[in-house]
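Please walk me through this structure, taking the backbone features, the strands and the chain interfaces in turn.

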Amino acid sequence: MTPVAVMVGANRIVQAAGIIHPLGSAELSPEDEKTLRRRIVEQALQALRTEVARPTVFTAE
Amino acid sequence: MASEPLRVVCYVNQFFGQLGGEEKAGVGPQVTDGAVGAARAVQQALGDAGTVVATVICGDNYAAERGERAVAEMLALVRAARPDLVIAGPAFLAGRYGVACGALCAAVQAQLKIPAVTGMQAENPGVELYRRQVHVVATGAEATRMLAEVTRLVALGLKLARGEALGTPAAEGYFARGVTRNVVAGASAADRATAMLLDKLAGRPFASEVPRPAFPGVPAPRLIKPLAGATIALVTDGGLVPQGNPDGIEALNATRYGAYSIEGKASLEAAQYDNPHRGYDTSWVKQDPHRLVPVDVARELEQRGAIGKLHETVYSTVGVATTLAHSARMGQEIADKLRAAGVDAVILTST
Amino acid sequence: MRLELRWSEVDELVAGSPTRLAGKRLAVDLDALRTLLAGDARLTGLRLDLVHPGERCRVGRVFDVVAPRARLEGEDFPGVLGGVARAGDGATLALAGVAVVATDQQTDSVGTLAVIDMAGPNAALSAFGATHNLVISAWPAPGTERPDYLAAVRLAALKAAVALARAAREAEPDRVEVLALPPSPRVPVELAHLPRVAYVFQIHSHQRPTGLDEGILYGDPVRRMLPTIVHPNEVLDGAVLRGFMGRSVTTWATQNHPVIRALYARHGRALWFAGVVVTVAQATEPERVRSALLTAGLVAHALGADGAVFTKIGGGAPHVDMAQAAAQCEALGVRTTLLVEDMSTDGSAEGMLLFDFPGVDALVNVGSSHEPLTLPPMDRVVGADDLAPRLLGESRATYGTLCGAIEQVGATRIMAEVR
């Protein structure tokens, strides 16, 4: 729940794929799920290297 | 409730105890019979309701530098005087004094089980440090109207000592302690909300019933090391635990977290894990734990050199209805462990 | 739309044949009612009990409470009990002082169920400590799955509610309450200066998906519901029911909706009641954002509201969902007030809120359901035979355990005061 993370002051927040499967999906095939997961993790790694001044939400391209 | 006059012990610093100014701030705890210095105003405010049987004096520097030890020494002097109530300060804007007042009152309550009250101005650091544990009355910045300030301290102190019900912080003049208690209001929430909205629309002042969260900003260090040389750890509050939940992480209001090894693992085998989290439907992440903790992808990134190392321990807790206090503590403990292990950055996954 | 609620006061509820309201004494033919309700093949072992205010009795395994209502003409609880037909226009019989209590005999997770105390200090904290209650206990027939069992239990409660209210059909009502609200745009020119106030009513939360048979809005299980507008009378006359989830909300409170009543009470004087937007709390952030956008559009651009009152149903995600809708309204210049439930679980004021949006600063709270409460010993337990040994004695519970003490639509006066 991104607004909660923003409120408590988490600085780098990557929008994941849903409450019940943050790094997965109910609709995708296992291969596509893994691709989605890879994309979110890579975005998280990029976010770690990104300068931020305040809580920032990074959404998937 | 007319009764026996209460035995009251006062705590004052070197100045209000009339020993001297800054040059006496190093003085250690001492006690005098009866009311000395500012404690005389307390006696005046008490009238027949109480007697200041002793005044404990301590220098501000002694208290600030010795911390807990100074409090322990003062506590011994307080205990010996057998009070029904302890009144510390008022400390106004004097920071070392305010912090010492708060610390002493907290110890008196916790260890001697005796009611205590203190007072200081809103910006005194003692307020933020102690208002949750101790009743801190709001005073002005200076001692110009000592008796008036002390009168409010004494009034609240007497209620505490007699076990009388307290009014709201606004009514009694103390800083909100940040605890809530259910009461029966004068009107239903629906009626109160309608009235509040009409006030807001008309530009009239209104009193919101819930304080806005005030989370202090968190520093945001950037990972400067290239990813190829960095150690990345995975942490989750989505409730991943090994089968059998060996650390007994609670399904709700968790106070514990676990440290689970992924050394040598390219992936998480679903059969070896479980999930007690009660805040969401966990069947998806039980079916495939990578939907919560992406060990498979992280390991691949490590193997092809995209990250330097995947830390061999995953830290996990259950993040539903976790109190702020426990969350902060667990976060701090996990962070300390990760730093000691040479981890450079963390990916925290949450629902 | 003009709803005429024909109220009959009841201060005595007894078993007797035939079912009849004489003065303030309601006699209920329990055998006939039992036969009627037991006709549902999904239920077995159906039992009816009567409990009264002042009796040292505790009702356990409480699932929901329904207010006795029956249309003089037309469909009752349309889409769920009756056929789909307009609610909120015409005459409806209503009994005051009586409630139908549905219990859940199937679940082992009794921590999610509530109790009602008919005497002692807790009786005053809930409306149901002061009503004469008809308690329905029924067990699932072999092979009845949970969603079907709950649908059957709720249906039984609705049927009982109608049967009781119909007893007032021949009687002269003690008072007639007329609720009439013209279509939102039709404001007489002399009242055009009044602030227009809407109510945003979150009627379900997708934290728990609804069953197919779990009708909430005119019988629709609102699985893909986008924000929409209803007339307040429709809420007051049985078009909106509580689903099968959770505590801190009863169908009774929806039928007696306190926010709608509060707005009606001031309508034409301090405000113009601009209408009701119903929403569902979403489970993903993109859906929350879309729902908030649509809600704010309805409030600001369709209803032309100057202000809006918000309530939620459920836990933390609905709490945030409501706040996001309010934030979007504030961004469009609509002033908002929210009824929140204290989200803290340790009595600390810092944990009360899970959001902090600009402009969303007028907050009323409906109390802390986690605050401890003592259940004193009782002489009799109804609706929970298996739990009776524990429920007869003194035990520690929370405010949330007591049905009707904490109501998210703002029906009670319990408030978490920050000290």
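**A guided reading of the model**

At a relative accessibility of 66%, B:K113 counts as exposed, where exposed means over 50% relative accessible area, buried means under 20% and partly exposed lies in between (1.4 Å probe, protein chains only). The model is a predicted one, in which local features need pLDDT of at least 70 and side-chain atom pairs count only at pLDDT 80 or more, while totals for chains, interfaces and linings use all residues. Residues are numbered from 1 along each chain as its sequence is written, chains are lettered from A and ligands numbered from 1 in the order in which they are written, and side-chain values use heavy atoms, with hydrogens and water left out.

B:K113 lies in the loop between α4 and β5 of chain B, and its phi is near 55 degrees, a positive value in a residue other than glycine. Helices (H or I, at least four residues) and strands (E, at least two) are DSSP runs, numbered from the N terminus. Most residues other than glycine have a negative phi, and most peptide bonds are trans. A further positive phi, of about 45 degrees, belongs to C:V222, which is not a glycine either. C:V222 sits in the loop between β13 (196-205) and β14 (228-230) of chain C, and with a relative accessible area of 1% C:V222 is buried.

Cis peptide bonds can be followed in the same way. One joins B:G89 and B:P90, with omega about 10 degrees, and B:P90 is placed in the loop between β4 and α4 of chain B. Another runs from C:S17 to C:P18, with omega near -5 degrees; C:P18 is found in the loop between β2 (12-15) and β3 (20-22) of chain C.

Strand β4 (residues 85-88) of chain B runs parallel to β5(B) and is joined to it by 3 bridges, two strands being paired if DSSP finds at least two bridges between them. Within this pairing, B:A116 in β5(B) is the bridge partner of B:V86. From β4(B) the chain crosses through helix α4 (residues 95-112) of chain B to β5(B), and this β-α-β crossover is right-handed, a term that applies if, with the strands pointing away from the viewer, the path from the first strand over the helix to the second runs clockwise. β5(B) also pairs in the parallel sense with strand β6 (residues 135-138) of chain B, over 4 bridges, and B:M120 stands opposite B:A138 in β6(B). Together with helix α5 (residues 125-130) of chain B, β5(B) and β6(B) make a right-handed β-α-β unit.

We turn next to the interfaces. The contact between chain A and chain B takes 28 residues from chain A and 34 residues from chain B, contact meaning heavy atoms within 4.5 Å. These chains bury about 2600 Å² between them, 62% of it on carbon and sulfur atoms, where buried area is the accessible area (1.4 Å probe) that two parts lose on being put together, summed over both. A:I20, A:L48 and A:R49 supply 24% of the area that chain A buries against chain B, more than any other three residues. Across this interface the rule finds 7 salt bridges, each a side-chain nitrogen of Lys or Arg within 4 Å of a carboxyl oxygen of Asp or Glu; the side chains of B:R222 and A:E51 meet in a salt bridge at 3.5 Å, N to O.

Chain B and chain C bury about 4200 Å² between them, 58% of it on carbon and sulfur atoms, and their contact takes 41 residues from chain B and 57 residues from chain C. The count between chain B and chain C is 5 salt bridges, and the side chains of B:K200 and C:D361 meet in a salt bridge at 2.8 Å, N to O.
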